Amino acid sequence: MGQTGDILKQPVQFLKGVGPRRAESLKRLDIATVEDLLSHFPRDWQDRRTASDLSRPLDGSLAVVKGRVLKVKHFRAGPRMAIFKAELLAGDAQVAAVWFKHVSRRYDVFAALKADVTPGSDLWVVGRCEPSLLGAREVRVEEYYPLADPRASLHVERLVPVYALTEGISQRFLRELMHAALAAAEHERREPLPPRLLEERRLPAYPQA
């Protein structure tokens, strides 16, 4: 993707996985180059270093659950809504992971879930924990990651950045794109601060930051 020294000025479109359509979406976030991308700082952070303790009340709070799928089902909940539910065994606790999708006639809205979330599979789910009508524990899933996915480590078991988004750009995509951009630009040496100031204030160098 260009030579060292030129990477930061390269159009973000040419990073793997972007392409023209996503590049247009990123422009709405004022991201046109790799440098713009790396300057799109998180608006928040979430502590996902450990799985949530399901023995504690978590109603309405963020839950991070690592579990094995026991069974799944999916069904329509009206003309425009479909629900996919997976029963997970997380340690000694059971929890229902629930996905809500708007129905489209063009494609199977649950195609990816049917491939990833099958009985016996292991995965992480992240979402809001709510009590169901029957009192069981439910997580309304915002993100999920199969344990077999090597990219899962970017989204769980660490402090996770949360970015401002726009239509067509997800947290998962932006985190993985940011990771790729950092790897591509790791040898850039464009320190904007003088060495003396870095030393006096004990600041990390720009590439490290």
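## How β4 meets β6

Strands β4 and β6 run parallel and are joined by three bridges; two strands count as paired if DSSP finds at least two bridges between them. Within this pairing, Ala 97 has Val 139 of β6 as its bridge partner. Helices (H or I, at least four residues) and strands (E, at least two) are DSSP runs, numbered from the N terminus.

Before going further, a word on the source: this is a predicted model, in which local features need pLDDT of at least 70 and side-chain atom pairs count only at pLDDT 80 or more, while totals for chains, interfaces and linings use all residues. Residues are numbered from 1 along each chain as its sequence is written, and side-chain values use heavy atoms, with hydrogens and water left out.

Strand β5 (residues 122-131) pairs with β6 in the antiparallel sense, over nine bridges. Trp 124 stands opposite Tyr 145 in β6, and Gly 127 stands opposite Val 141 in β6. β6 is largely enclosed by the rest of the structure, because seven of its 10 residues are buried. Here buried means under 20% relative accessible area, exposed over 50%, and partly exposed in between (1.4 Å probe, protein chains only).

Ser 61 is found in the loop between β1 (44-47) and β2 (62-76). With a relative accessible area of 26%, Ser 61 is partly exposed.

## The chain as a whole

The protein chain has five helices and seven strands. Read along the sequence, their pattern is α-α-β-β-β-β-α-β-β-β-α-α. Along its principal axes, the C-alpha trace spans about 60 × 45 × 25 Å. Of the 209 residues in the chain, 38% are buried.

Confidence is given as pLDDT, the predictor's confidence in each residue, from 0 to 100. The chain has a mean pLDDT of 88, and 93% of its residues reach 70 or more.

## The largest pocket

How much space lies in the largest pocket? About 780 Å³. A pocket is defined on a 1 Å grid over the protein atoms alone, as an open set of points where a 1.4 Å probe fits, with protein on both sides within 12 Å along at least five of seven lines; lining residues have an atom within 4 Å of a point. Grid points are joined across faces, edges and corners, and the volume is the space filled by probe spheres set on the points.

This pocket is lined by 20 residues, and Lys 101, Glu 142, Tyr 144, Ser 170 and Arg 172 lie nearest its centre. β4 (93-102), α3 (111-116), β6 (137-146) and α4 (171-184) each supply at least two residues of the lining. β6 gives the most, with five residues. The lining divides into 12 nonpolar, three polar and five charged residues, where Ala, Val, Leu, Ile, Met, Phe, Trp, Tyr, Cys and Pro count as nonpolar, Asp, Glu, Lys and Arg as charged, and the others, Gly among them, as polar.

## The second largest pocket

The second largest pocket holds about 620 Å³ of space. Of the 23 residues that line this pocket, Leu 38, Phe 41, Met 178, Leu 182 and Ala 209 are the closest to its centre. The elements that give two or more residues to the lining are α2 (34-38) and α4, and α4 gives the most, with four. By type, the lining has 15 nonpolar, four polar and four charged residues.

## Two positive phi values

Most residues other than glycine have a negative phi. Glu 157, in the loop between β6 and β7, has a positive phi near 60°. Arg 202 likewise has a positive phi, near 55°, and is found in the segment after α5. Is Arg 202 buried or exposed? At 77% relative accessibility, Arg 202 counts as exposed.
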